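Q: I have a model open and want to go through it before I set anything up. Can you take me through it?

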Amino acid sequence: MPVRTRAGALAALAVAAVTGLTALATPAGAAPAPAFLSAAELPPHPSSAWTAGQVTDGVPDELRLCLDEVFPGYDSRYRPFHTDLDAAARQLTVVTGSATKAKALADRMNALIRSCADRVERGDPEAEATYRGYGRVRAEEGARVHGLHTETSWGATDIRLLSVGRDGRTVTVVEWSQLGDFGDAPVRAFRKTTATAVNKLY
């Protein structure tokens with residue numbers, strides 16, 4: 001029989017302790033955290049590279065314009081992106097308790113984005129807002145793309161593309177924005193970004 005030394009016994013105990021701590025830190029069956037887009041997966045900018053920020057708990061202020069009503073009660077994380085010029089983007093992920101709740105949340109988000117232009121105009125008499133729907137995107141449980149143009153009485157004009165997608169009990173929202181109007185929106189590239197974001201979640 002092999003001789004078990006004191007050093008060997010202590011090493012075995014150390015390995016067992018580490019293994020036990022790892023098991024406690026990662027409960028069996030725990031779902032992985034959703035993955036986020038990389039800078040290279042955003043619609044290409046004609047004159048500036050995208051830079052990705054850190055993933056942060058919470059909600060980016062830019063998404064509150066259309067979606068502020070749905071955020072209380074949900075834990076969420078987001079990643080911001082920017083260029084050296086006027087374009088910016090952000091991705092939000094929300095993990096709900098079930099696929100049914102996620103579907104209800106995604107439906108609510110889509111409805112709020114569709115009605116956002118009317119709310120912008122009611123809230124600011126100096127602004128005009130126009131909505132365009134860009135249809136569905138095939139990815140996991142599906143996604144939908146929207147466009148929102150806003151213009152102020154003093155001439156500021158902004159264009160946003162937003163998408164809402166779902167994979168199981170997780171909903172993701174992607175927003176791209178810059179100065180300009182609907183003619184400046186990279187809709188085809190953004191649809192591809194949306195599909196990537198949803199398929200990449202897990």
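Q: What average pLDDT does the protein have?
A: This is a predicted model, and the protein averages a pLDDT of 87, with 84% of the residues scoring at least 70.

Q: Where is the pLDDT below 50?
A: Over residues 1-28. Beyond near neighbours in sequence, that stretch has two contacts in the model. Where pLDDT is low, the predicted coordinates should not be read in detail.

Q: OK, the fold. How many helices and strands?
A: Five helices and eight strands. Along the sequence they come in the pattern α-β-β-α-β-β-α-α-β-β-β-β-α.

Q: And what share of the residues counts as buried?
A: Of the 202 residues, 41% are buried. The accessible surface comes to about 11200 Å², and carbon and sulfur atoms account for 54% of that.

Q: For contacts between residues at least 6 apart in sequence, what share joins residues at least 24 apart?
A: That share is 60%.

Q: Switching to cysteines. How many disulfides does a search of the whole structure find?
A: One. The partners are Cys 66 and Cys 116, with their sulfur atoms 2.0 Å apart.

Q: Which parts does the pair tie together?
A: Cys 66 is in helix H2 (residues 64-67) and Cys 116 is in helix H4 (residues 116-123), so the link joins parts that are 50 residues apart in sequence.

Q: Is the disulfide left-handed or right-handed, and why?
A: The disulfide is left-handed, because the torsion about the S-S bond of Cys 66 and Cys 116 is about -85 degrees.

Q: Are the two cysteines buried or exposed?
A: Cys 66 is buried, at a relative accessible area of 4%. Cys 116 is also buried, at 0% relative accessibility.

Q: Now rings. How many aromatic pairs are there?
A: Zero in the structure.

Q: And which residue lies over the face of Phe 182?
A: Arg 132 does, at 4.0 Å from the ring centre.

Q: What is the phi of Glu 140?
A: Positive, at about 50 degrees, although Glu 140 is not a glycine. Most residues other than glycine have a negative phi.

Q: Where does Glu 140 lie?
A: In the loop between strand S5 (127-137) and S6. Its relative accessibility is 45%, so Glu 140 counts as partly exposed.

Q: Moving on to Thr 152. Which strand is that in?
A: Thr 152 is in strand S6, which covers residues 143-152.

Q: Is Thr 152 buried or exposed?
A: Buried, because its relative accessibility is 18% and the cut-off for buried is under 20%.

Q: What does Thr 152 touch?
A: Leaving out residues up to four places away in sequence, Thr 152 touches Glu 126 and Ala 127.

Q: And Ala 156, where is that?
A: Ala 156 is in the loop between S6 and strand S7 (157-167). Ala 156 counts as partly exposed, at 28% relative accessibility.

Q: What are its contacts?
A: With residues up to four places away in sequence left out, Ala 156 touches Thr 150 and Glu 151.

Q: Last one. What separates the C-alpha atoms of Ala 156 and Ala 127?
A: They are separated by 9.2 Å, and the two residues are 29 residues apart along the chain.

Methods: Residues are numbered from 1 along each chain as its sequence is written. This is a predicted model: local features need pLDDT of at least 70, side-chain atom pairs count only at pLDDT 80 or more; totals for chains, interfaces and linings use all residues. Side-chain values use heavy atoms; hydrogens and water are left out. Rings of Phe, Tyr and Trp (its six-membered ring) pair if their centres lie within 6.5 Å; planes under 30 degrees apart count as stacked, over 60 as edge-to-face and the rest as tilted. A charge sits over a ring if NZ of Lys or CZ of Arg is within 6 Å of the ring centre and within 35 degrees of the ring normal. pLDDT is the predictor's confidence in each residue, from 0 to 100. Contact means heavy atoms within 4.5 Å. A disulfide is a pair of cysteine sulfur atoms within 2.5 Å. Helices (H or I, at least four residues) and strands (E, at least two) are DSSP runs, numbered from the N terminus. Buried means under 20% relative accessible area, exposed over 50%, partly exposed in between (1.4 Å probe, protein chains only). Accessible areas come from the Shrake-Rupley method with a 1.4 Å probe; for residues, only the protein chains shown count as cover.
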